[in-house]
Amino acid sequence: MSYRILSLDGGGTWALIEVKALIALYDADTAGHTVLQDFDLVTANSGGSIVLGGLIENLELGEILQLFEEEDKRRSIFSPTKKLGDEAVRTVLKVGPKYSAANKLPALEAVLPLKGTVPLAQVATGLRRPGSDADLHLLILAFDYDNNRATFFRSAQAAGGYWGTGDVADVTLAEAIHASTNAPVNYFDEPASFPGKPGRYWDGAITGCNNPVLTGVTEAIVKGQNPTDIVVLSLGTGSVVLASPRPGDLPSPYLRPIVKPDLLTDLKKLAGSILDDPPDIATFLGHVMTGSGAGLGKPQADSRIIRMNPLISPVDKDGNWAAPGSMSDQQFSYLADLDMDAIEQEQVNAISQYADLWLNSMVPNQPIRMNTDTLKAELGQDRFDAALAAWNAIR
C-alpha cells in the first residue's frame, strides 16, 4: 500500500486555490475528514495551514472556501495593525507591516470553534486512512524567531534509526496555524506568540519551506516509510513566472523586469522572496528523494510527486509572449502584481476566476521542472487535467 501525503503551500488568501483544487477532486459538499482519510500525512504552511485547519474542523470544502472568499471572515484574520510607528514607516517607505499578529490567534480560534483550542497532538485522534494502523500525521511549519531555526509542529512523534527524535508539539491547532501564518516585514507587525507559553514565531516560509513538500517526504522517511512507497499530492497557491528579457526587448507585462538594486527595492524583494522559487526546487528534490519516478510504471505520471499549482505565466503565441487563455494584457498584469495578502474583494475575485481557468486547463499548471527560457515543462504536468490523471494513476 502506498503512503499518501497531502502537501499544502503557503500564500495567504491565495490558498483558496488549494480549496478549489480539492473541490475539483471531491466536491464542495465533501467534509474535511473525508478528504483527510485519503492520506497518511498532511504537511502545511501558512495559508495552507488554514486550509488544513478547516479540514480538521470537518468543515465542508465549500465552507472552507468561504473562509477566504467571504470578506468578513477574511478580514478577521487579516486585521489592520494600529501601531502608529508601523503606519508611519509605511507612509514614508511604502513598506512595512499592515496586520495585527495579536488579533490573529483569537480570529483563528473563532473560525475553528471545535478544534482550534484542542492540542495538536489530539486533533487527529482516530482519524486514519482505511487499512492504516496509525492516525493521520500532521506537520505544520513555522520559524522560531528567537532560536533562528525551523520549527515543526507535529501531532505525533517522528523517530527512526539514525534519525533522532522529532517531538510532539505542545500547542493547540490554532496556535500552530497562528505561528505558521505570521509572515514578517511587509505583513504582520510582530512575531506570533501564545498566551502563557514561551516562544515567538514567524511564517514557515522563512525556513525556505513555503512549499512544504520536502518536509513531508522527509518526515515520512524518518517515520520508516520506504521512499518509493511515498506518493504526494502537492497543492500550490499560484506562482508568477515571467519570461526572461532578451537584448532589445521592450518592457512588457510578460517579461521579468530588471530592477536597479537599492535599499527600498531590496527590502521589498526580501519581503516577497519567501514565496519565490521558480523553478520549484522543493518539488524537484522531493521527486529525487522518492525515486525519480523509476519503476513507477504509470504512463500518465513521470513522478511520485504530483504538483497542482496554477502558473501566472505567458504562453508562446506565434513566436510572441501573450496572456494565457482569453486574458487581456491588463488582466494578466493585475493578477501578476497582486500580493499574497490580497484581501480586497476585487482581488480575491480575480484569484478565484484564474483558479477556475486553471481547473479547466485553460492556463498553465506548474510542472516539477521547467525550462526558464522557453517556459516549457521538462518534468511533470503542464495542465491541470494531466496532473489530475497522474494523481489518479498513482494514488
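Glu344 has a relative accessibility of 41% and therefore counts as partly exposed, where buried means under 20% relative accessible area, exposed means over 50%, and partly exposed lies in between (1.4 Å probe, protein chains only). The model is a predicted one, in which local features need pLDDT of at least 70 and side-chain atom pairs count only at pLDDT 80 or more, while totals for chains, interfaces and linings use all residues. Residues are numbered from 1 along each chain as its sequence is written, and side-chain values use heavy atoms, with hydrogens and water left out.

The side chain of Glu344 meets that of Arg75 in a salt bridge, with 3.0 Å from N to O; a salt bridge is here a side-chain nitrogen of Lys or Arg within 4 Å of a carboxyl oxygen of Asp or Glu. Because Glu344 lies in the loop between helix H12 (329-336) and helix H13 (345-359), whereas Arg75 belongs to helix H5 (residues 71-77), the pair ties together parts that are 269 residues apart in sequence. Helices (H or I, at least four residues) and strands (E, at least two) are DSSP runs, numbered from the N terminus. Arg75 is also partly exposed, at a relative accessible area of 29%.

A salt bridge is likewise found between the side chains of Asp341 and Lys98, at 2.7 Å from N to O. Asp341 lies in the loop between H12 and H13 and Lys98 in the loop between helix H6 (84-93) and helix H7 (104-111), so that parts 243 residues apart in sequence are tied together by this pair. Asp341 is buried, at 5% relative accessibility, whereas Lys98 is partly exposed, with a relative accessible area of 21%. In total, the count comes to 13 salt bridges, and Arg4, Asp38 and Arg395 are linked in a network of such contacts.

A cavity is a set of points, on a 1 Å grid over the protein atoms alone, where a 1.4 Å probe fits but cannot get out, and its lining residues have an atom within 4 Å of a point. Two cavities of 30 Å³ or more are counted, and the largest cavity holds about 80 Å³ of space. The largest cavity is lined by 14 residues, of which Gly12, Ser46, Phe78, Thr181 and Phe188 are the closest to its centre. By class, this lining has seven nonpolar, four polar and three charged residues, with Ala, Val, Leu, Ile, Met, Phe, Trp, Tyr, Cys and Pro taken as nonpolar, Asp, Glu, Lys and Arg as charged, and the others, Gly among them, as polar.

How values were computed. On a 1 Å grid over the protein atoms alone, a cavity is a set of points where a 1.4 Å probe fits but cannot get out, and a pocket is an open set with protein on both sides within 12 Å along at least five of seven lines; lining residues have an atom within 4 Å of a point. Grid points are joined across faces, edges and corners, and a volume is the space filled by probe spheres set on the points.
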